[in-house]
Structures are given as structure tokens and as C-alpha cells.
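Keep the model open as you read.

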Amino acid sequence: MTRALLSRRALSALLCCAALLAPAAQAADWVIRNATVMTVSQGTLENASVWVRDGRIAGVGASVDAPADAQVIDGTGRFVTPGIVDPHSHIGTVGDGNEMSSPVTSQVRIADVLVPTHKEFYFALAGGTTTQMILPGSANLVGGQAAVVKNKFGLPLAQMLVADAPASMKFAIGENPKRTYGGRNQSPSSRMGNAAVLRQALDEAADYRRQRSGKPQDAPGRDLKKEALAGVLSGETLVQIHAYRADEMLTELGIAREFGYKVHAFHHATDAYKIADILAGEGVAIAVWSDWFGVKPEAMEAIPWNAVMALRRGVRVALHSDSADITRRLNHEAAKIMRYGGATREEALRMITLDAAWIIGLQDRVGSLDVGKDADLVVWSADPMSAYALADQVYIEGVLYFDRSLAGTGTPRFSGVMSGD
């Protein structure tokens with residue numbers, strides 16, 4: 001038997017064990033002391049403490065008023081950050097992220113296909129990523145409804161999903177929709193077609209909304225596709241748009257103004273630096289890569305200074321993965337932004353925490369170490385911007401979900417059988 005086969009079997013056994021068991025209970029009160037605490041919202045504190053009570057942050061600072069019997073974790077030589085937030089992910093979908101039967105599939109939900117036991121969730125957790133927005137793919141002009149999850153690997157999907165997160169709808173423009181449907185000799189097969197088909201779908205949703213709210217007795221039967229788009233028109237659903245080119249982002253902004261809704265964020269947005277003033281004025285965020293250029297013709301004018309140029313013009317900027325690999329090392333992506341564009345350490349960290357949380361609508365719960373927020377924490381072996389840094393412990397809502405000292409030893413990090421609640 002080869003070493004590679006043994007290694008794959010060992011990994012499979014580890015993942016199986018984690019998937020069948022739930023996390024161990026954490027003390028109601030516990031404190032990390034003597035660490036370098038990178039709060040995001042209040043700067044970096046040396047020799048500081050973080051106090052957690054019942055899954056939330058109860059205190060942060062040089063000293064905290066934790067109970068005398070609180071469990072104490074020595075953070076000497078360690079760095080503590082909020083859990084990393086990935087605002088654009090496709091993990092755990094196992095190839096089912098695109099419903100390519102129509103250019104508008106607003107009725108489909110990515111939550112319906114997520115596989116909570118998939119190893120990609122575990123690997124993301126091991127890289128310090130605690131919260132992710134998982135979106136449908138970009139084959140369609142309207143791809144469907146996103147889901148926000150916390151990487152509570154080992155629990156049922158219902159307990160991973162952030163049920164009260166704001167709804168988000170995935171839009172896309174550019175080559176993907178026109179290539180998908182143009183190849184079938186149907187609309188859209190051009191950029192003009194992209195805009196026309198989207199307008200038609202929004203117009204139908206607007207009619208549906210008026211009819212449903214006007215005379216209920218005369219209203220049409222429930223239409224899940226139009227109902228989901230009506231949430232966009234009412235402002236209840238955040239609009240997240242896959243777009244690369246500046247001109248196509250301007251087209252989407254124009255359509256949004258025409259129909260009275262707001263674009264929440266452009267994703268990928270490699271040309272954002274060209275229209276940064278407009279994006280800042282409209283209050284539209286961007287979720288981008290640090291690099292990864294030239295992947296398609298739309299990205300040929302991407303530059304490594306995109307994120308910082310947009311940031312300096314007042315745009316809210318987050319880094320995303322769009323990749324099961326990159327979501328494991330978003331801290332390194334932040335470090336590259338410091339190198340490429342001159343972002344400060346605090347700005348780079350914010351791009352993978354608080355501003356990423358804003359894009360998914362959870363900035364009041366995650367993304368910074370503030371009293372009252374969810375205790376999603378990463379304890380790093382070194383400065384997280386270092387290539388040598390490892391996520392040693394990862395906590396979600398105060399519970400330890402990953403401990404590197406036990407990874408690969410065969411020792412379960414969890415106890416208790418997974419329940420179906």
C-alpha cells in the first residue's frame with residue numbers, strides 16, 4: 001500500500017470522525033491572556049486579554065473583569081484576531097452551484113445543495129476562516145440565493161447556516177452568461193442581451209409585486225422566481241454582482257437606478273480602480289482578489305493595485321476567495337495587499353474581517369473583537385500577515401472547533417454524537 005493511499009485513508013478517517021461528532025462544550029467564561037490582540041476596530045493591543053462569556057465577547061483590553069473561576073488560556077507569543085470572513089465562496093456545493101436551465105434562476109437556493117461534511121469546510125476552518133457567504137455560480141444573469149454559514153464542522157447544516165443573516169441574491173454580467181446561452185443559440189448571446197434579459201426579468205418581478213400587494217383577491221398564484229426578485233426590488237435582499245469590467249459595472253448600476261434598488265457589492269471587480277469615485281459615491285463595496293490576473297479576457301486589465309486604489313478613493317474593499325484553496329489562506333492574501341498596494345496592516349486585516357462582514361450584512365455580529373459580538377476568534381502562532389503563521393486554535397461563538405495540536409493525531413477534537421436539531 002502506498003504512502004499516498006495511507007495518507008488519503010487517514011484524512012478520510014479524520015474527516016469522518018469529525019463529521020459524526022459534535023464539538024465539546026466550552027466553559028461559560030474563559031479568557032485568553034498576554035496575547036497580541038488585533039481588534040480591527042480598536043487597533044492592536046499588546047499583552048492584552050479577550051474575555052468570552054456564553055459565546056460572546058465580554059471584554060477586550062489590557063485587563064478584563066472576568067470571574068475568578070474563568071478558564072484561562074495563555075496567549076504569550078500568540079496573536080488573536082477575529083475569525084476571517086470570506087464574502088464569496090463556492091465550497092461544499094460539489095458541482096451543483098449552477099442551475100443552467102434559464103438565464104434567470106432567482107428561485108434556487110445554494111443552501112439546498114450544501115454538503116456540511118465536505119472536507120472543504122474543515123480546511124477553511126483550519127485556515128482561520130469562520131464565516132462564509134456561499135453563492136451560486138455565475139452562469140446566469142441571476143443565479144439564485146446565497147447562504148451564509150459558520151464553519152462549525154461536525155454539526156448539521158441547520159446549525160452551520162446563519163438563519164438570520166440578510167438575504168443575498170447572486171447576479172452576474174459579462175462573458176459567463178452570454179457564453180452559456182449564446183452557445184445554445186439563445187438569448188443572451190451578447191452584452192446587449194445580458195442587459196435586455198435582466199431588465200425583462202425585473203420588469204416582470206415588478207408587475208408581480210404590484211399585483212400581489214394591490215388586490216390580493218386578483219393576485220396571481222405564487223411564483224418563486226418573481227417573488228425572489230421582488231425581494232431585490234423592495235430592498236430586502238442584498239444584490240451581489242459578479243462583474244469584471246468597469247463598463248459592465250456601470251450598466252448594472254444604471255439598471256439598479258432604473259428599477260429603484262441598490263447594488264450592495266461587485267465581486268471580482270478587477271476594473272474597480274477605473275470607476276472608484278463612482279463606486280464610493282454610490283456606496284457600493286467590492287470583493288476582490290489580491291492578484292489572480294489574466295484568468296479570462298475580462299480580467300486582462302487587472303492590476304495588483306486595484307484594491308488599495310479603490311480603498312484610497314473611499315470604496316469599502318474586502319478580499320474574497322472564489323476558491324476552496326484561497327479560502328484556506330486569506331491571511332496571506334491580506335499580506336499581499338500590503339506588499340502590492342501599500343495597505344497598512346490594519347487596513348489589510350479589515351479587508352478579511354470587518355469589511356467582508358459588511359458585504360454579507362453581518363458587521364454587527366462578526367469581523368471585529370468588540371464587546372457583544374460573536375466570539376469568533378483565531379489564535380495564531382505568529383503575526384497572521386507572516387507566511388509562517390498558522391491558525392493554532394479556531395473558536396466559533398466561543399466554542400473550540402479546531403485545535404492544530406490535535407490535528408492528524410487521531411485524537412478527536414469533538415465529543416458527543418451529532419444531533420439532528
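**From a strand pair to the core**

Start with strand E12 (residues 237-243) and strand E13 (residues 265-268), which pair in the parallel sense over 4 bridges. Strands here are DSSP runs of E, at least two residues, and helices are runs of H or I, at least four, numbered from the N terminus; two strands pair if DSSP finds at least two bridges between them. This is a predicted model, where local features need pLDDT of at least 70, side-chain atom pairs count only at pLDDT 80 or more, and totals for chains, interfaces and linings use all residues. Residues are numbered from 1 along each chain as its sequence is written, and side-chain values use heavy atoms, with hydrogens and water left out.

Across this pair, Ile241 stands opposite Phe266 in E13. Now zoom out: 6 strands make an open sheet, ordered E9-E11-E12-E13-E14-E15, with mixed pairing. Its edges are strand E9 (142-145) and strand E15 (317-319), each pairing on one side only.

Of its 88 residues, Phe171, Leu229, Tyr261, Phe266, Leu279, Ile286 and Val317 touch the most other members. Helix H5 (residues 191-214) gives the most to this core, with 7 residues.

And what does Ile286 touch, leaving aside its neighbours within four places in sequence? Its contacts (heavy atoms within 4.5 Å) include Phe266, Leu279, Val317 and Ile359.

Notes. Core = buried A, V, L, I, M, F, W, Y, C linked by side-chain atoms within 4.5 Å. Buried < 20%, exposed > 50% of the residue type's maximum accessible area, 1.4 Å probe, protein only.
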